[in-house]
Amino acid sequence: MTTTSPQANGSGNTATASGGAAIQERDRVTVRFAGDSGDGMQLAGNRFADATAVFGNDFSTLPDFPAEIRAPAGSLAGVSSFQISFSKHQIFTPGDEPDTLVAMNPAALKSHLAALTKGGLLVVNEDAFTSGNLKKANYPSNPLADGSLDDFRIIKAPITTAAIAAVEDLGLTTQNAERTKNFFALGLVYWLYDRDLEPTLDWIEQRFGRLPNIAEANRRALFAGHAYGETTEIADAHVRVPPAVLTPGEYRTITGNQALVLGLITASHLTDLELFYGSYPITPASDVLVELAALREFGVRTFQAEDEISAIGTAIGAAYGGGLGVTGTSGPGIALKSEALNLAVMTELPLLVLDVQRSGPSTGMPTKTEQTDLLQVMFGRNGESPLCVLAAKSPGDCFYMVLEAVRIAFQFVTPVVLLSDTYLANTAEPWPVPDINQLDKIDVPYRKLEHIDPEDFQPYARDPETLARMFVPPGTKGFEHRIGGLEKSDISGDVAYSPENHQRMTDLRGEKIRRIANFMPELEVDGPDSGDMLVLSWGSTYGAVFTAVNDAREAGHEIAHAHLQYLNPFPRNLGDIVSRYNKVLIPEANTGQLRMLIRANFLVDAQGYNEVTGQPLSARLLTEAIIKMASE
Amino acid sequence: MVLHTPPSPELVENIIPIADEDLSRKDYASDVDTRWCPGCGDYSILAQMQRSLSNINVAPEKMVFVSGIGCSSRFPYYMNTYGMHSIHGRAPTIASGLKLSRPDLQVFVITGDGDALSIGGNHLLHVLRRNVDVKIFLFNNRIYGLTKGQYSPTSELGKVTKSSPVGTTERPLNPLSVALASEATFVARSYDTDPQHLQTTIEQAARHHGAAFVEILQNCNIFNDRAFADYTDREVRDERLLYLEHGQQMLFGENQDKGLAVSATGLRVVDAHGPDAGLILHHDATRPSPDVHQLLARCNYPEMPVPMGVIRQVTAPTYGDYLDGQIEVQKFKNRHDIAQLLKGRSTWQVE
């Protein structure tokens, strides 16, 4: 084993474990599991996250998998990975470079070694480094033998053979025996990071209880991996990250897509309306459809449509009927839905559209993240077509932003687009479970309108404050009327072609969206409220930007940070805020979409920090960029 | 694994919302001036729709007309009910979402040959396949009227139109065949110039539980005049149309002197008084297999009489029956406690 000094974050205190071996204590560790798509890396990562949650660290995860369901075994295209960062402090990103990389085969090593911190710990399955696998990964020579890994500390473990040996007498097929190798690797990593095996053993029992042989095999592989760590001379890699101090309360693990689902069910409860979710399967939004479909007992009507257009059409139909009409998709689906979305703008219906953004253009990289739909949802429709756009900043925030989007949709009788993305969709974090009784009911204005005198009803008469139109769904006697995509006459809603009316309706539709700003929170600035430099961010980059700003502050720079969850309209005080600093930096996982809006709206010379790699922004690189700009 | 829970019987019946007071045709007419060209077949269809609804006495506030784009799709504006004039081809989707979330409403879709079979072809297939309880009235004039005279997916091969000055190069779709291929549970045809037949057909569709598809042959006197005159003109219709009645023999001709029988390749015309009279088929609209229905749908002038009336009407649970049934069953079987749902599979306490 080659050993150099560890370079992970933290204090490096050592303590003595019960067994007598030294355990180093660290503030934060980042581990990445990488293997073939069929190696069960996502499963191992999720088990590790559960064990970490129970242990009491704060954590954040980053699953990363290919779009291909099963690329050829051992190939570079088939590598799947799962990163988890855990800490004794609150953390906001899944970490940039891992301190530890578990590589189950040469392809996984090849794909992920570049990310590993110099001096980091490399756990490899030496059994997989056969000449065939090395060739598939384009390795001219065996990296385990040619000295090319000398910069790292290596644990070469015979993971496959040891796992098979551990389950030998259970009478499994070779294939099934070999499949336990992820549990062996997991057991080894549990030992390295002093995690408890109990949560995983419970999970195995729950998951495989009906297949006692498989359950036993996975248990044995897990124990064998753990014992391997204990008995092999790798004591200097034994690390403990103490539990974090989090706000007291009941916590669970949540991903962004799960939070969207819970938000929708909760919104249905808070509006007392049945949820209709029309959707067409599309990565990375499909989970929302799948999970909602399993919740019929909450009165949920999921509708797997024949295409994206039908998906939004059915949601518009449900909204028109007075229900909670929702459609969910990703960028390519938004492109297909844009004409129907415009119908919802013209008919002014309360519709919620979820856009879990992914990497584009065209099919792009379906399983990779990006913030590239902002301008599409703002402007990607014919005519002057304003609608409300919100963006969630963390997995758990997806829950609250759904409630906010639904509130706005009903209060202003307007379609609302809520932006999430692949990163938020799949990343998991601890989340304080909200108390359903503490959440405000969401008002549904048409319930009051149904009781007014029909003589006073005009479908396009408006609330003087919000400019919301008088929306009354079908079924109410005396209110029969027709709506549609043709231009509407102000107040009466009849078809109208007059120039003055079109100008007025265009203005009203725009003004209605602007007035949402009067009913939403102003933007808060973290740090000095004026001065040299502001970092302005939106959406899923919150964690990376927050971390980078804090790191830059620790390096001695006075920097303000503000994060937008409301993209249209902007908070009322945004123009004022961006004008109070000498420099404004806008980091985005696109080529500068928010920056374009800020410059156009406020004539501010905002600069961009832009990465379009399909990966979340790197907090480390961003810190460097912030410090560079602050020092200029 | 296949999970197929038959909906409870009380769900499988069509409940038409009826008005408290007696309503006449004019109660269903809105105060908006109709803007179709003078002489358009749509006027008759509008009048018969209003009469049919008045015959049933449907509650107007429970009635919703959803249309797409095209001449026919202006229809909802002229009805004193709820309505949405939506976007091109997508009316079936909006109608589906509306009906599934509001089973108390009666939802009619008004569409045309371009709207339903060209831009909206996909949605038509699926709304029929799913048997969503909406009634679809396709006004077929075999031309694009609102855009002033381009050929449509039902225009005959070789037809000269503005966008096919030397004739089209594509074969037309047969709307009834498309509906039958989609396993529609109700398929019928009528035409604009037979008010009584059209009213009856609309009422039959309205009373059907499930997706109903009605093709209405409609004359566009501006861009495709007399498109169906060869067999719908008063002087020739008895000879050239076959009025279908469930349970009755398929007879036509001025003196009901001809009938349809099975031939080696499909259907053939036989003399009702000749030696093959005994082979004349009885029309069975409820036959589960759509085979004979499909043969009827393919009867075209001049080789065969053109069938009118209900070709197919079978009983089957609707999409909504299944969906509402699942919700009922899952509510009975599972807890639906939001506080518990928010907690997920496991939680931990931070002190």
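Modeller: Two strands count as paired if DSSP finds at least two bridges between them, and strands (E, at least two residues) and helices (H or I, at least four) are DSSP runs numbered from the N terminus. This is a predicted model, where local features need pLDDT of at least 70 and side-chain atom pairs pLDDT 80 or more, while totals for chains, interfaces and linings use all residues. Residues are numbered from 1 along each chain, chains are lettered from A, and side-chain values use heavy atoms without hydrogens or water.

Colleague: How many bridges join E20(A) to strand E23 of chain A?

Modeller: Strand E20 spans residues 531–538 of chain A, and 6 of its 8 residues are buried (under 20% relative accessible area, 1.4 Å probe, protein chains only). A:Met533 has A:Lys583 in E23(A) as its bridge partner. E20(A) and E23(A), residues 581–588, run parallel, and the bridges joining them number 4.

Colleague: Which residue in E21(A) is the bridge partner of A:Ser537?

Modeller: E20(A) also runs parallel to strand E21 (residues 560–564), with 5 bridges. Helix H18 (residues 542–554) makes a β-α-β unit with E20(A) and E21(A), and the unit is right-handed. In E21(A), the partner of A:Ser537 is A:His563.

Colleague: Which side chain meets A:Arg620 in a salt bridge?

Modeller: The domain assignment, automatic or from a database, gives domain 1 (13–240) and domain 3 (525–631) of chain A, among others. The rule (Lys or Arg side-chain nitrogen within 4 Å of an Asp or Glu carboxyl oxygen) finds 1 salt bridge across the interface of domain 1 and domain 3 of chain A. At 2.7 Å, N to O, the side chain that meets A:Arg620 is that of A:Glu97.

Methods. Buried < 20%, exposed > 50% of the residue type's maximum accessible area, 1.4 Å probe, protein only. Right-handed = clockwise from strand over helix to strand, strands pointing away.
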